[in-house]
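Please look at the sequence and the model together, and keep both in view while reading.

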Amino acid sequence: MITTVTLHAAIDRTLYVDKFGVGQVHRVNREVNEPGGKGNNVAKVIRQLGGQVTATGIIAGNNVGFIESSLTERGIRTSFIHSAGESRVCLNILDNSSRSSTELLGLGPTMLEAEVEAMKNKVQELAIHSSVVVMSGSLPPGAPNTLYAELIRIVRSAGTRAFLDTGGAAFGVGLSAMPHFVKPNEQELAEWLGHMPRDVNEWARAARRLADQGIDEVCITLGSNGALAILNGKAYMAKPPFIQPVNTVGCGDAFVAGMAYAGERGDSAESRLRMAVAAAAANAMSSKAGDIDYGLFEEYEQQVQIITL
């Protein structure tokens, strides 16, 4: 079983409009609501790939029912901690004409000290029965920057692989606990480095720096350019199929889902990357974040190119 941790759960609301412009009034053509937060997106794709998954984290208020029931309907086990306040709503405004995306990310409830301790206990409980624990997304208000690092140590003490996908201070501090896997995107890695790498060689050196800190699997997602990875000491470049994306929100989460599920199956490094990149591409063709068409995923999996560097 795989466990996903979403400390900043949400309802992801996608609104489709024509010719979106700031300061204008728009009529929504279509609205899609999904249980969100990066870890929940990971859980949804793992389930669609065929994996068994439990979703945990913090949820609050009137949005609890929608988030839990929507995940349960997909065959995902839930084991959330209920908090005071209200889980956030994240808006993604998609322009039908230009296909541009504008995201507005809600604030969400403040995490209290008692909830921090409850989350540690919950992760310890679930890690014992899991092959992988995936920790994804930003920390909620009130959470210490050390929280992911503390959770990683708990997961590792259970003999379970810890996956970390976050940015900012939480990423830097989280590295000190040596997770098994990290997946910064371009912006997150540039923030950690202090500058934006200029070419693939600089990306590869940055990935090596992370691997040299004791991280077994480092994947840098590069959007439409694919991913650069250091897996157990070997460097790879994964090239995705050419697509015209519908919605890129959640593609990084689908990538993590592919790596986690293929890793649980014991697939080779090349096969893990192939699944992850194909899942991300399939997610880009859906109007929902954390959603893939399995037939399309299988088609894309055959088109992904893996290059050993």
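Predicted model: local features only at pLDDT ≥ 70, side-chain atom pairs only at ≥ 80, totals over all residues.

A compact globule of 309 residues would have a radius of gyration near 19 Å, and the chain has 18 Å, which agrees. Of the 309 residues, 56% are buried, where buried means a relative accessible area under 20%.

We can now turn to one sheet. Strands of a sheet pair through backbone hydrogen bonds, and this pairing can be either parallel or antiparallel. Here 4 strands form an open sheet in the order E3-E2-E7-E8, and the pairing among them is mixed. Strand E3 (30–36) and strand E8 (101–104) are the edge strands, each of them pairing on one side only. From one strand to the next, the twist of this sheet averages 20 degrees.

Inside the sheet, strand E2 (residues 10–17) runs parallel to strand E7 (residues 88–95), and the two pair over 8 bridges. Within this pairing, Arg 13 stands opposite Leu 91 in E7, while Tyr 16 stands opposite Leu 94 in E7.

How enclosed is E7 by the rest of the structure? Of its 8 residues, 6 are buried, so E7 is largely enclosed by the rest of the structure. E7 is also joined to E8 by 4 bridges, and these two strands run antiparallel, with Leu 94 standing opposite Ser 101 in E8. E7 and E8 form a hairpin with 5 residues between them, and in the turn Arg 99 has a positive phi of about 65 degrees.

The next stop is a helix. Helix H3 (residues 113–127) has 15 residues and reaches 21 Å from its first C-alpha to its last, close to the 21 Å expected at 1.5 Å a residue. An α-helix has 3.6 residues a turn, so residues three or four places apart point the same way. The buried residues of H3 are Glu 115, Val 116, Met 119, Lys 120, Lys 122, Val 123, Leu 126 and Ala 127. Seen down the axis of H3, these buried residues fall within an arc of 165 degrees, so they line one face of the helix. On the other side of H3, Glu 113 and Ala 114 are exposed. The elements that cover the buried residues of H3 include strand E1 (2–6), strand E4 (53–60), strand E9 (132–136) and helix H4 (147–157).

Strand E13 (residues 227–231) and strand E14 (residues 234–239) run antiparallel and are joined by 5 bridges, and the bridge partner of Leu 231 in E14 is Lys 234. The two strands form a hairpin with 2 residues between them, and Asn 232 in the turn has a positive phi of about 50 degrees. E14 pairs as well with strand E15 (residues 305–308), in the antiparallel sense and over 4 bridges, and in that pairing Tyr 236 stands opposite Thr 308 in E15.

Is Lys 288 buried, exposed or partly exposed? Lys 288 is partly exposed, because its relative accessible area is 29%, and partly exposed covers the values between the 20% limit for buried and the 50% limit for exposed. Leaving aside residues up to four places away in sequence, Lys 288 touches Val 32, Glu 34, Asn 247 and Asn 283. Lys 288 and Tyr 300, which are 12 residues apart in sequence, are 18 Å apart in space from C-alpha to C-alpha.

Note on methods. Residues numbered from 1 in each chain as written. Heavy atoms only, no water. Expected span 1.5 Å × (residues − 1). Buried < 20%, exposed > 50% of the residue type's maximum accessible area, 1.4 Å probe, protein only. Arc of directions from axis to C-beta. Contact = heavy atoms within 4.5 Å. Pairing = 2+ DSSP bridges. Axes fitted to C-alpha atoms, helices over the stretch in contact; angles between N-to-C directions. Rg over C-alpha atoms; globule rule 2.2 N^0.38 Å.
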